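The following note sets out numbered points on the structure shown below. It is intended to be read alongside the coordinates.

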Amino acid sequence: MAPRIRRPLIASLLALAFLRVASAQSTLQPPLVKLLHDIKAADSDQLAVSEEDGRFLRVMAASGGAKRALEIGGASGYSAIWIGLGLRQTGGHLTTIEFDVARARTAADNIRRAGLADVVTVVPGDAFKEVPRLAGDFDFVFLDAWKRDYKRYFDMIVPRLAPRGLLLAHNVVNKQAEMRNFLEAIQNNPSLFTTIVTPSGEGMSVSYKLQFTIHK
């Protein structure tokens, strides 16, 4: 069993993230602020992340230098816009997968209106079918889909997460009862460093893929 190890690198990234979040608002143009507000206002099913979590995703994508990102559970594109804003700084690209075809169309339109159509690609469909069709590895993955499927997503994604890549998952605090097998997996997998943060009350897990596995 791998020993419990301090996580200096991921702690530094998280500290940097929170330092930058405070001033993030000033970098957004008014039309984009309005668009983000309108997406949240129309989110009657409450599928989108909170604004605080969105800002956190943006900073983590940018500060981690992500180039090839994946989102599972795109909803109406709110979180994809925040991630895309981070990737604009790194020259990266996000593929976001949304099961519901109507929501996927809405997400694509919102992303276009945000000026991120060249950074974010929306794929409608079942992630368990669509992800295997994508070539290569990922260095940034965000899970925000059906919570009881998180462990299945974990098993599919971690082998394709590049060394030094980040796996983030939403609702790990307020819906932890629905994903206990996933939480156990991210905490005990010897190839990952994991911490849980709460930019909002919903909770976000952040797992860092090691370059090599540390054993006793």
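1. Pocket and cavity terms. On a 1 Å grid over the protein atoms alone, a pocket is an open set of points with protein on both sides within 12 Å along at least five of seven lines, whereas a cavity is a set of points where a 1.4 Å probe fits but cannot get out; lining residues have an atom within 4 Å of a point. Grid points are joined across faces, edges and corners, and a volume is the space filled by probe spheres set on the points.

2. Basis of the values. The model is predicted, with local features requiring pLDDT of at least 70 and side-chain atom pairs counted only at pLDDT 80 or more, while totals for chains, interfaces and linings use all residues. Residues are numbered from 1 along each chain as its sequence is written, and side-chain values use heavy atoms, with hydrogens and water left out.

3. Largest pocket. The volume of the largest pocket is about 520 Å³. Its lining comprises 26 residues, of which Leu-47, Asp-144, Ala-145, Trp-146 and Lys-147 lie nearest the centre. Ten of the lining residues are nonpolar, six polar and ten charged; here Ala, Val, Leu, Ile, Met, Phe, Trp, Tyr, Cys and Pro count as nonpolar, Asp, Glu, Lys and Arg as charged, and the others, Gly among them, as polar.

4. Largest cavity. The count gives one cavity of 30 Å³ or more, and the largest cavity has a volume of about 40 Å³. Leu-47, Ala-48, Val-49, Glu-71, Gly-73, Gly-74, Ala-75, Ser-76, Tyr-78, Ser-79 and Asp-144 line the largest cavity. By class, this lining has five nonpolar, four polar and two charged residues.

5. Overall composition. Eight helices and seven strands make up the secondary structure of the chain; helices (H or I, at least four residues) and strands (E, at least two) are DSSP runs, numbered from the N terminus. Of the 216 residues, 52% count as buried, where buried means under 20% relative accessible area, exposed over 50% and partly exposed in between (1.4 Å probe, protein chains only). Among contacts (heavy atoms within 4.5 Å) between residues at least 6 apart in sequence, 76% join residues at least 24 apart.

6. The sheet. Seven strands form an open sheet of mixed pairing, in the order β3-β2-β1-β4-β5-β7-β6; two strands pair if DSSP finds at least two bridges between them. Neighbouring strands are turned by 15° against each other on average, direction ignored.

7. Two parallel pairs. Strand β1 (residues 68-72) pairs with strand β2 (residues 93-98) in the parallel sense over five bridges, and Glu-71 stands opposite Thr-96 in β2. Strands β4 and β5 also run parallel and are joined by five bridges, with Val-141 opposite Leu-167 in β5. Eight of the ten residues of β5 are buried, so this strand is largely enclosed by the rest of the structure.

8. Phe-138. This residue belongs to strand β4 and is buried, with a relative accessible area of 2%. Which residues does Phe-138 contact, leaving aside its neighbours within four places in sequence? They are Arg-68, Leu-70, Val-131, Arg-160, Leu-161 and Ala-162. Phe-138 and Arg-68 are 70 residues apart in sequence, but their C-alpha atoms are 5.2 Å apart in space.

9. Helix packing. Helix α7 (residues 150-157) packs with helix α8 (residues 180-188) at an angle of about 35°, their axes being 7 Å apart. Axes are lines fitted to C-alpha atoms, for helices over the stretch in contact, and angles run from 0 to 180 degrees between N-to-C directions. Tyr-150, Lys-151 and Phe-154 in α7 meet Asn-181, Phe-182, Ala-185 and Ile-186 in α8. Five residues of this contact are nonpolar, one is polar and one is charged.

10. Two loop positions. Ser-191, in the loop between α8 and β6, counts as buried at 12% relative accessibility. The C-alpha atoms of Ser-191 and Tyr-208 are separated by 8.3 Å, with the two residues 17 apart along the chain.
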